[in-house]
Amino acid sequence: MRMPDTSEVLLQVEGVSLAFGGVKALRDVSLDIRKGEIRAIIGPNGAGKTSMLNVINGFYHPNRGAITFKGRTRAQMQPFEASRGGIARTFQNVALFKGMSALDNIMAGRTLKMRRGLLWQMLRYGPALAEEIEHRHRVEEIIDFLEIEAIRKVPVARLPYGLQKRVELGRALAMEPDLLLLDEPMAGMNLEEKKDMSRFIIDVNDHYGTTIALIEHDMAVVMDLSHRVVVLDHGVKIADGTPDEVKNNQAVIEAYLGVAH
Amino acid sequence: MLYREAGQFKTTYAEDMAIFPIRQDRMALAILLGIAFIGVPLLADFDIWPFGSDYLLRAILLPFLILALAAIGVNILVGYCGQISLGSGAFMAIGAYSAYKLGTGVHIPLAWLDFAISIPPLPVLLSILLGGLAAAVVGILFGIPSLRIKGLYLAVATLAAQFFFDWVFLRVSWFTNYAPSGSVSAPTLDFFGLNVGTPIERYMLCLIFVTVFAVLAKNLVRGNLGRQWMAIRDMDIAAELIGIRPLYAKLTAFAVSSFIIGVAGALWAFVYLGSWEPLAFSIERSLQLLFMVIIGGLGSIMGSFIGAAFILILPIMLNLLPTQLGVPLSTETITHLEFIIFGSLICYLLIKEPHGFARLISIGKEKLRLWPFPY
């Protein structure tokens with residue numbers, strides 16, 4: 001597997017705390033994501049992994065701390081601003097647009113790239129049609145890449161779970177993101193599907209150079225895929241480093257296996 | 001000829017993205033348009049049954065076309081963008097009264113400024129379109145709450161629009177040009193010097209409006225904006241995270257939907273009714289339109305037409321059938337029977353296929369492609 005060629009930091013999270021009433025989801029967490037790497041965020045259930053992703057893409061606003069993305073520091077932003085800045089994500093429970101076909105779902109991911117206004121779209125002629133076709137070309141490349149040609153016209157509600165996850169990845173890729181957040185991309189999949197998904201993740205990172213942050217519970221996958229791993233437990237960062245470093249970290253072992261009192 | 005797409009290869013994305021990618025569908029549509037645009041006028045011209053009297057044109061086809069247009073508008077908002085609205089009747093009224101005011105001349109006395117705004121009567125076509133525009137502006141205003149409230153609560157908010165405008169057009173006599181009875185009459189229908197008067201002319205006028213708006217609406221819903229609307233409908237959080245602004249998506253849906261409904265309202269008043277009272281656009285109209293969309297198929301332009309046909313034409317057929325067959329029944333019994341049969345038909349349909357006629361047809365097509373094999 002290719003190692004990231006730069007140590008340039010794409011995203012820096014500094015001292016972020018997030019509380020829901022009395023529940024402290026994140027406590028003073030700092031982490032960095034370097035350009036071009038696959039960064040895993042792991043931890044036991046309720047560790048604050050998904051909260052971390054939600055903070056990064058503006059869905060939750062942290063109580064304290066700051067986030068620097070592409071050199072711009074901010075305390076909070078709106079989700080559509082995050083997407084405009086180049087952050088895409090998939091969800092733990094598939095969040096596709098159920099009434100639309102796989103193709104339309106992925107086309108929807110290109111919303112930000114499409115420029116023609118309401119009147120042009122209404123006429124669907126000239127520049128508007130050309131734009132639609134141009135983006136269709138890009139989307140077909142993604143469909144090709146994810147090997148979902150056969151299901152492009154099928155309403156996603158009818159697709160099996162594994163394929164839905166793939167379409168969701170396609171929708172995120174259609175945004176041509178600089179940072180791709182994957183929330184448990186392999187949850188509930190069988191071995192074959194996990195292998196496919198791992199291959200896609202590595203390929204995305206390899207071919208497009210997309211920086212990826214992923215949450216995953218399958219340790220074998222995490223250790224194989226990621227360049228660096230950060231471990232959260234009860235909202236606190238307990239370890240950060242290469243897969244090997246993390247694997248042998250005493251705090252991590254205790255968090256996962258428990259410790260005798 | 002079988003319904004097969006074998007051998008129909010698409011070599012460009014433009015072909016693949018056509019509204020009817022299958023040749024047989026295109027031919028069916030061409031035949032339908034041929035009948036509507038050429039067949040009906042020809043038959044009417046030669047006074048051939050069933051066009052011997054004006055009844056079919058005046059009482060069935062005209063309201064069908066106009067309400068189908070309104071249903072398209074409702075479908076954009078409710079079916080595509082998922083924002084339930086009970087105020088469609090009000091938006092029809094806004095379209096109708098704005099067009100009326102513009103068509104008869106607007107005079108706004110501003111006494112405290114010693115000044116009055118006067119606009120001379122505008123051409124009919126312009127006032128109809130501007131009536132739609134007025135409805136769109138009001139639609140945006142009443143769409144703003146949708147950013148905060150959803151589902152049934154939004155329905156109640158749009159209900160407020162319905163009752164508010166019912167009241168406005170009944171009580172503010174400026175809108176009715178101070179007519180003592182509250183009833184107003186449409187200006188003469190002159191289009192570029194052509195007077196539209198006879199039923200067949202009115203039919204052609206509405207047909208042109210409906211065809212143009214149906215094509216434009218279809219283009220919108222299969223384009224980027226339509227995908228944004230459906231994304232908001234299906235999963236608003238995910239939509240936001242891929243860069244769709246809920247504000248823009250929802251308000252454009254309200255604007256486009258209200259514009260179409262407003263134009264339909266203006267046509268309803270000008271072309272179908274001729275003279276009307278605010279009662280013509282009551283809550284019952286809103287509900288009727290909503291039922292059309294639900295039964296025809298949420299999120300389908302074709303469904304709007306089928307729904308309009310079902311809601312409008314079936315009761316008339318049910319009403320006429322006993323007399324045609326010579327069954328001796330009193331008019332009262334027939335009316336009761338009509339309600340009973342029509343009501344149970346709706347229940348049956350919605351139980352069998354909650355997604356309406358449009359879904360039934362697409363399932364039928366899928367089966368037909370494989371016929372005689374089950375899969």
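A crossing of two helices is left-handed if the near helix is turned anticlockwise from the far one by less than a right angle, and right-handed if clockwise. By this rule, α12(B) passes α14(B) in a right-handed crossing. Helices (H or I, at least four residues) are DSSP runs, numbered from the N terminus. The model is predicted: local features need pLDDT of at least 70, side-chain atom pairs count only at pLDDT 80 or more, and totals for chains, interfaces and linings use all residues. Residues are numbered from 1 along each chain as its sequence is written, while chains are lettered from A and ligands numbered from 1 in the order in which they are written.

Two packed helices are described by the angle between their axes and the distance between the axes. Helix α12 (residues 301-325) of chain B and helix α14 (residues 356-370) of chain B pack at about 115°, and their axes are 8 Å apart. Axes are lines fitted to C-alpha atoms, for helices over the stretch in contact, and angles run from 0 to 180 degrees between N-to-C directions. Residues are in contact if their C-beta atoms, placed from the backbone, lie within 7 Å. From α12(B), the contact uses B:M302, B:G303, B:I306, B:G307 and B:F310. From α14(B), it uses B:G356, B:F357 and B:A358. Five of the contact residues are nonpolar, three are polar and none is charged. Here Ala, Val, Leu, Ile, Met, Phe, Trp, Tyr, Cys and Pro count as nonpolar, Asp, Glu, Lys and Arg as charged, and the others, Gly among them, as polar.

Chain A is divided into domain 1 (1-86 + 178-261) and domain 2 (100-176). These bounds come from an automatic or database domain assignment. The C-alpha centres of the two domains lie 27 Å apart. Their contact takes 10 residues from domain 1 of chain A and nine from domain 2 of chain A. On the domain 1 side, α2 (79-85) and α7 (191-208) of chain A each give two or more residues. The most come from α7(A), with four residues. This side holds six nonpolar, two polar and two charged residues.

Between the chains, 32 residues of chain A are in contact with 26 residues of chain B. On the chain A side, the elements giving two or more residues are α2, α3 (102-108), α4 (118-123) and α5 (127-146) of chain A. The largest share, five residues, comes from α5(A). By class, the chain A side has 17 nonpolar, seven polar and eight charged residues.

A residue is buried if 20 or more other C-beta atoms lie within 10 Å of its own, exposed if 12 or fewer, and partly exposed in between. A nonpolar core is a set of buried Ala, Val, Leu, Ile, Met, Phe, Trp, Tyr and Cys residues joined through C-beta atoms within 7 Å. The largest such core has 173 residues, of which B:I66, B:L69, B:I260 and B:L267 touch the most other members. This core draws at least three residues from each of domain 1 and domain 2 of chain A. Not counting residues up to four places away in sequence, B:I260 touches B:L69, B:I72, B:G73, B:I76, B:G132, B:F213 and B:A217.

In chain A, seven of the eight residues of helix α1 (residues 49-56) are buried, so this helix is largely enclosed by the rest of the structure. Just after α1(A), A:G58 takes a positive phi of about 80°. A:A251 sits in helix α10 (residues 250-257) of chain A. It counts as partly exposed, with 15 C-beta neighbours inside 10 Å.

Terms used
Contact = placed C-beta atoms within 7 Å.
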